[in-house]
Amino acid sequence: MNKYGYIKVAAATPKVRVADCDYNSERIVAMMQEAAEKGVKALVFPELCLTAYTCQDLFLQNSLLRSAEQRLMQIVEASVDFPLVAIVGVPLALNNKLYNCAAVISQGMLIGVVPKSYLSASERKYFDSGANNSAEEIEVVGFSAPFGADLTFAIDGVRFCVEIGDDASAPMPPSSSQALQGAQMVFHLSASPELA
């Protein structure tokens, strides 16, 4: 934070390809590097940007989920030289359930994973709600990180929280309780479904 109490944040919208985690992760890392060069301290990406939001039944394929995990960890490793926090949308499995998540990444570390709590009708076909999850940690390709909808983080002494999609329009958004616990910023990942 600078002497006036401001912190530079940015939203990034990479051009993604459906189910092409290799291509999407390259775009994400390139945008992280660009943001770091511009002095951004927090960079938020769209919901499910690592796979693309519109994968539909491909979310049921283990090969897509494995690829997303592997590419997520490559993003984490690539972030080691970027003095910023990146929040990346990714599907992750835990205890035989799939969650629509926001991975919070900072300088070579996966510092936390926030699952979406309020799912649209179409999302319930693929994902479980993070609101009822009791796990406190998630293992992602050998890395362990805090997991939960109630996590808060900090950038340069400024506390923040993360919510995803319909979480913001719920009667009691997850960010409400985090704000009461001291979160000063809310980062919101969102994507719109493809309409025919």
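Asparagine 132 is exposed, with a relative accessible area of 70%; the model is a predicted one. The value counts as exposed because the cut-off for that class is over 50%. Asparagine 132 sits in a loop, with strand 5 (109–115) on one side and strand 6 (137–140) on the other. Phenylalanine 147 is 15 residues from asparagine 132 in sequence, and their C-alpha atoms are 12 Å apart in space.

Serine 106 belongs to a strand, namely strand 4, which covers residues 97–106. Is serine 106 buried or exposed? Its relative accessible area is 17%, and because buried means under 20%, serine 106 is buried. Which residues does serine 106 contact, once neighbours within four places in sequence are left aside? The contacts are Ser79, Leu84, Val85 and Ile111.

Three strands form an open sheet in the order 8-9-10, and the pairing is mixed. Strand 8 (153–155) and strand 10 (185–189) are at the edges; each has a single partner strand, so one side of each is without a neighbour in the sheet. From one strand to the next, the twist averages 40 degrees.

Strand 8 and strand 9 (residues 158–164) run antiparallel and are joined by 3 bridges. Phenylalanine 153 has phenylalanine 160, in strand 9, as its bridge partner.

Note on methods: Residues are numbered from 1 along each chain as its sequence is written. This is a predicted model: local features need pLDDT of at least 70, side-chain atom pairs count only at pLDDT 80 or more; totals for chains, interfaces and linings use all residues. Side-chain values use heavy atoms; hydrogens and water are left out. Helices (H or I, at least four residues) and strands (E, at least two) are DSSP runs, numbered from the N terminus. Buried means under 20% relative accessible area, exposed over 50%, partly exposed in between (1.4 Å probe, protein chains only). Contact means heavy atoms within 4.5 Å. Two strands pair if DSSP finds at least two bridges between them. Axes are lines fitted to C-alpha atoms, for helices over the stretch in contact, and angles run from 0 to 180 degrees between N-to-C directions.
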